[in-house]
Amino acid sequence: MVKYVPLISNRGRVLDLACGSGRHAIWLAKQGYQVDAIDRDAQAVSGMVGMDNINVFTVDLEAGGWPRSDQRYDGIIVSRYLYRPLLHTLAAILNPGGVLIYETFMVGNERHGKPSNPDFLLLPDELLEIYSPLLNIVLFEQGEEKMPRPAVMQRICATKDF
């Protein structure tokens, strides 16, 4: 998905949602993007505190502590996280011209281990069905992957009209 990051406005504001230890946030910040890194695990995000171009927020997304109604983004990155009540919100908080890059596990992944709970597995074509009425689809793919470990994934890259 890194190949789609250049679609995000140069030095734009990017949300890394459920960022964990910040693999994507740190890389984006080093490319000059202004990153809001959000995760519920204070220990996981602690290594990013004080880094240039990164604002760290410790928020339990599923407890309703976010989103901020006043913040909009040029890009949103979500990797390996699913909380369905936020899916439409992500499209709404994109700036015109903004880019959503989203990838996570889907049904079928349970045969490879976790996540196996259906609450955390996308249905076939789910991201496409949610975002195609709201955004312009640049890429959509889903299916079995062997590397870096066996998984069943779904990913989308989409842009918001100006």
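Tutor: A polar contact is a pair of N or O atoms within 3.5 Å; within protein, one of the two must be able to donate a hydrogen and the other to accept it, and residues adjacent in sequence count only if both atoms are side-chain atoms. The model is predicted, so local features need pLDDT of at least 70 and side-chain atom pairs count only at pLDDT 80 or more, while totals for chains, interfaces and linings use all residues. Residues are numbered from 1 along each chain as its sequence is written, and side-chain values use heavy atoms, with hydrogens and water left out.

Arg155 also has a polar contact of 2.9 Å, side chain to side chain, with Glu103. In the chain, Arg155 belongs to strand 7, residues 151-159. Helices (H or I, at least four residues) and strands (E, at least two) are DSSP runs, numbered from the N terminus. Is Arg155 buried or exposed? Its relative accessibility is 11%, so Arg155 counts as buried. The cut-offs are under 20% relative accessible area for buried and over 50% for exposed, with partly exposed in between (1.4 Å probe, protein chains only).

Contact means heavy atoms within 4.5 Å. Leaving aside neighbours within four places in sequence, Arg80 is in contact with Glu103, Thr104, Phe105, Arg149 and Met153. Arg80 sits in the loop that runs from strand 4 (73-79) to helix 3 (87-92). With a relative accessible area of 35%, Arg80 is partly exposed.

The C-alpha atoms of Arg80 and Pro115 are 9.5 Å apart, although the two residues are 35 apart in sequence. Pro115 is placed in the loop between strand 5 (94-105) and helix 4 (126-131). The peptide bond between Lys114 and Pro115 is cis, with omega about -5°. A cis peptide bond also joins Met147 and Pro148, with omega about 5°. Pro148 lies in the loop between strand 6 (136-145) and strand 7, and strand 7 is where Arg155 is found.

Asp125, in the loop between strand 5 and helix 4, has a positive phi of about 65° although it is not a glycine. At a relative accessible area of 28%, Asp125 is partly exposed. Arg11, in the segment before strand 1 (13-17), is likewise no glycine and has a positive phi of about 60°. Arg11 is exposed, at a relative accessible area of 56%.

Last, the chain around this part. It has 4 helices and 7 strands, which from the N terminus on run β-α-β-α-β-β-α-β-α-β-β. The radius of gyration is 15 Å, close to the 15 Å that the globule rule gives for 162 residues, so the chain is as compact as a globular protein of that length. This radius is taken over C-alpha atoms, and the rule is 2.2 Å times the number of residues to the power 0.38. Of the 162 residues, 46% count as buried, and Arg155 is one of the buried residues.
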